[in-house]
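Reader: I'd like to learn how to read the inside of a protein model. Could you walk me through one, feature by feature?

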Amino acid sequence: MNEADRQVLRRYRLRLVSELQVASLWDALLNRELFTPDMIEEIQRAGSGSRRDQARQLITDLETRGSQALSLFISCLEDTGQNTLASLLRTSSQAARQHPEAIRPLDLKPVVLRPEGLKPESLGVGAQDRAKGNANLAYVLSADPCGRCLIVNNVHFRRESGLRTRAGSSVDCERLQRRFRLLHFVVEVECDLTAKQMVQALVELARRDHSALDCCVVVILSHGCQASHLQFPGAVYGTDGCPVSVERIVNIFNGTGCPSLRGKPKLFFIQACGGEQKDHGFEVASTFPEGQTPDSDPEPDATPFQEGPGTVDQPDAVSSLPTPSDILVSYSTFPGFVSWRDTKSGSWYIETLDSVFEQWAHCEDLQTLLLRVANAVSVKGIYKQIPGCFNFLRKKLFFKT
C-alpha cells in the first residue's frame, strides 16, 4: 500500500473503528482475496474479540496487504452495504492521488479549519470517539461479556388479580433477548413471576459477583400502576396482582445491596403503564411521518389505580438510595399515563427501542438513543405516549457493539 493510501486509512482510523461492521465483511474479504482464512481468524481473535478490537486490527493489517488493498477494501464495504464509509474512503483516496500534498503526515501540525468549514457529522464522530476513549467522559465497557441482563416477562396473570393476559409481550421479550446478546450481555429470562418471586429474582441477581463485569441491565415487562414514591415513580405487577414499586427494584441494586456494581452503570427498562390516564395529544402540522399510519389493536399495560391498601407501597418500597449514582431508569410512558402494546407486534416502546439500538447503538450514547426512542414513539397511534427516563449516570454510556 502506498503512503497516500496509508494516510487515508490513518486519517479515518477512529471513524472506521467506531462504525465498521466487521462481522459482515469476512466473506467479502475472502472473495476479494484481500486476506487468507488464517489471517481473518487472527483478526477475529484480536484483543478481547470485540467488534472494536477486530476493526482496529483489520485496519492495522490492511496497510500490509499490497498496492490494491485500499481499493479492494472499499469494494468490500460496498459489497456489504457500508456505502457511507466506502464513499468517504473512495473520495479521500481519489483526492490523495490527484493532490498528494492534501494528505498530511500525522506528525505534522494539522491545518486549522474554520468552524463553518466543518460538517456537523464530522464534529460529532470526533467527539464520540474522544468520549469513548476517555474514562472520565464515558463508562468503560471492555469486559466480554460486559454484563448481565435479566428480563422479567409477565404475560399470564392469576384470575383473582383481575389483570388481563399481556398478548404480544413474548415478541418484546424475544426482541430484547436478541438485542442485548448482540450488545455482549449474558441474558436471562424469568417468566410469569409473582411480586415475591420478582423481588427474589432481583435480589439474587444483585447478590452475584459482578466484579469482572462492567454493567447490569434489568428489564420488566408487565402491567403497572401509579405508586407513592420518593425518587422513582410507578410500580409493576406480579402475576398475583401485587405491585412492586420501581423504587424498590432500583434500591435492591444500590451500593449496600450490590457492592460489586459500585461505580458501574445499572440500567432499568420498564415496559408497563404508569397509570390510567389516556393522552389524546394535541394537534400539530403533521401527526404521522410520511407513510406511517396509526397502529392497530393496541391495548394498555394498565390497571385502575385506587387509593387504599391494595396499591399503596409498603414502607420498604420508599426507602431512599444512599448514593443515587450510576443509575438510569427508562420508562415506556410518562408517569400516570397508559403504555400501549400491540397484541401482535408487541409494545410501541420495546419495538422502537430495539429498532433504534439496531441502527444507532454503534455510534451514539444511551441518552441520545433514548431521545430517538421518545421522538419515534411520540408520533404513534391515535392515543399518544412518550417514554422518558430518570438519569443518574455520571458519564456517557456507549454500548459494546
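Predicted model: local features only at pLDDT ≥ 70, side-chain atom pairs only at ≥ 80, totals over all residues.

Reader: Is F399 buried or exposed?

Author: F399 counts as buried, because its relative accessibility is 5%. Another edge-to-face pair joins F253 and F268, with 5.6 Å between centres and 70° between planes. F253 lies in the loop between α11 and β7, and F268 in strand β7, so this pair ties together parts 15 residues apart in sequence. Both F253 and F268 are buried.

Reader: How many aromatic pairs does the structure hold, and which rings are linked into a cluster?

Author: There are 10 aromatic pairs. Ring pairs link F180, F185, F269, F357 and F399 into a cluster.

Reader: Now the core. Which residues have the most contacts inside the largest one?

Author: The general idea is that in soluble globular proteins, nonpolar side chains tend to be buried together. In this model the largest nonpolar core has 34 residues, and F180, F185, L267, F269, F357 and F399 have the most contacts inside it. Elements that each supply at least two of its residues include β1, β2, α9 and α13. Helix α12 gives the most, with 6 residues. A second, separate core has 29 residues, among them M198, L205, A272 and I327.

Reader: What does F269 touch, leaving aside residues up to four places away in sequence?

Author: Its contacts include F180, V217, I220, Y349, L353 and F357.

Reader: And how should I read the chain as a whole?

Author: Look at secondary structure, burial and contacts together. The chain has 13 helices and 12 strands, and 49% of its 401 residues count as buried. Among contacts between residues at least 6 apart in sequence, 80% join residues at least 24 apart.

Reader: Where does R372 lie relative to W360?

Author: R372 lies over the face of W360, at 3.7 Å from the ring centre.

Terms used
Residues numbered from 1 in each chain as written. Heavy atoms only, no water. Helix = DSSP H or I, 4+ residues; strand = E, 2+ residues; numbered from the N terminus. Buried < 20%, exposed > 50% of the residue type's maximum accessible area, 1.4 Å probe, protein only. Contact = heavy atoms within 4.5 Å. Core = buried A, V, L, I, M, F, W, Y, C linked by side-chain atoms within 4.5 Å. Phe/Tyr/Trp six-rings, centres within 6.5 Å; stacked < 30°, edge-to-face > 60°. Lys NZ or Arg CZ within 6 Å of the ring centre and 35° of its normal.
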